[in-house]
Amino acid sequence: MGTFTESVTMECSPDGEPVRMWWRGLCHEIVAKPQSWYQRRPWWQDHTSLRPGEGVGYVDTQIWRLQVVRDGEPGILTMDVLLYRPSLRWRVIKVHPGWSANSPKLSSNPLSQKSRKPSARNSFRRRNRWR
């Protein structure tokens with residue numbers, strides 16, 4: 001399977017968080033707080049050497065997961081985008097399967113997506129911690 005990348009135009013907040021994007025000629029509104037993480041590329045496989053200070057954004061790439069809606073269409077689309085540092089252009093790198101009218105919005109807290117009910121063992125430990 002090959003790598004998918006497609007250029008998009010992104011509007012960002014003053015702190016750099018994506019708020020709106022234009023992709024394939026349509027405006028997409030971001031409907032949930034974007035999540036971001038860093039992904040390290042295999043820099044040791046590249047034979048390019050960098051001068052000191054040129055490596056910013058070269059080794060670690062910030063990936064953003066966005067949930068968007070297209071103007072005038074129902075449903076939510078989840079996609080991953082990144083800001084390609086050498087050219088400072090935004091790229092779509094993954095579109096998650098399907099538009100879904102019932103798709104849950106991303107939570108700002110990844111732990112809230114799972115059941116956080118404590119197990120009986122953890123409850124016992126908490127009750128007996130100070131005994």
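A polar contact is a pair of N or O atoms within 3.5 Å, where one must be able to donate a hydrogen and the other to accept it within protein. The legends below describe close-up views of a predicted model.

**View 1. Side-chain polar contacts of His96 with Arg65 and Asp80.** The side chains of His96 and Arg65 are joined by a polar contact of 3.4 Å. A polar contact of 3.3 Å links the side chain of His96 to that of Asp80. His96 belongs to the loop between strand 7 and helix 1 (120-127). With a relative accessible area of 16%, His96 is buried, because buried means under 20% relative accessible area. Not counting residues up to four places away in sequence, His96 touches Arg65, Leu77, Thr78, Met79 and Asp80.

**View 2. The largest nonpolar core.** This core has 13 residues. Met10, Trp23, Leu66, Met79 and Val81 are those with the most contacts inside the core. Two or more residues each come from strand 1 (6-12), strand 2 (18-23), strand 5 (60-70), strand 6 (77-84) and strand 7 (89-95). In soluble globular proteins, nonpolar side chains tend to be buried together.

**View 3. Surroundings of Val81, a residue of the largest nonpolar core.** Neighbours within four places in sequence are left aside in this view.

**View 4. Ser36 and its contacts with Gln62, Ile63 and Trp64.** Ser36 is placed in strand 4 (residues 35-40). Its relative accessible area is 38%, and Ser36 is partly exposed. Leaving aside neighbours within four places in sequence, Ser36 is in contact with Gln62, Ile63 and Trp64. The side chains of Ser36 and Gln62 are joined by a polar contact of 3.3 Å. Ser36 and Leu66 are 30 residues apart along the chain, and their C-alpha atoms are separated by 8.9 Å.

**View 5. Arg24, a residue other than glycine with a positive phi.** The phi value of Arg24 is near 55°. Arg24 is found in the loop between strand 2 and strand 3 (26-30). The relative accessibility of Arg24 is 59%, so this residue counts as exposed.

Definitions and conventions
Residues numbered from 1 in each chain as written. Predicted model: local features only at pLDDT ≥ 70, side-chain atom pairs only at ≥ 80, totals over all residues. Heavy atoms only, no water. Core = buried A, V, L, I, M, F, W, Y, C linked by side-chain atoms within 4.5 Å. Buried < 20%, exposed > 50% of the residue type's maximum accessible area, 1.4 Å probe, protein only. Helix = DSSP H or I, 4+ residues; strand = E, 2+ residues; numbered from the N terminus. Contact = heavy atoms within 4.5 Å.
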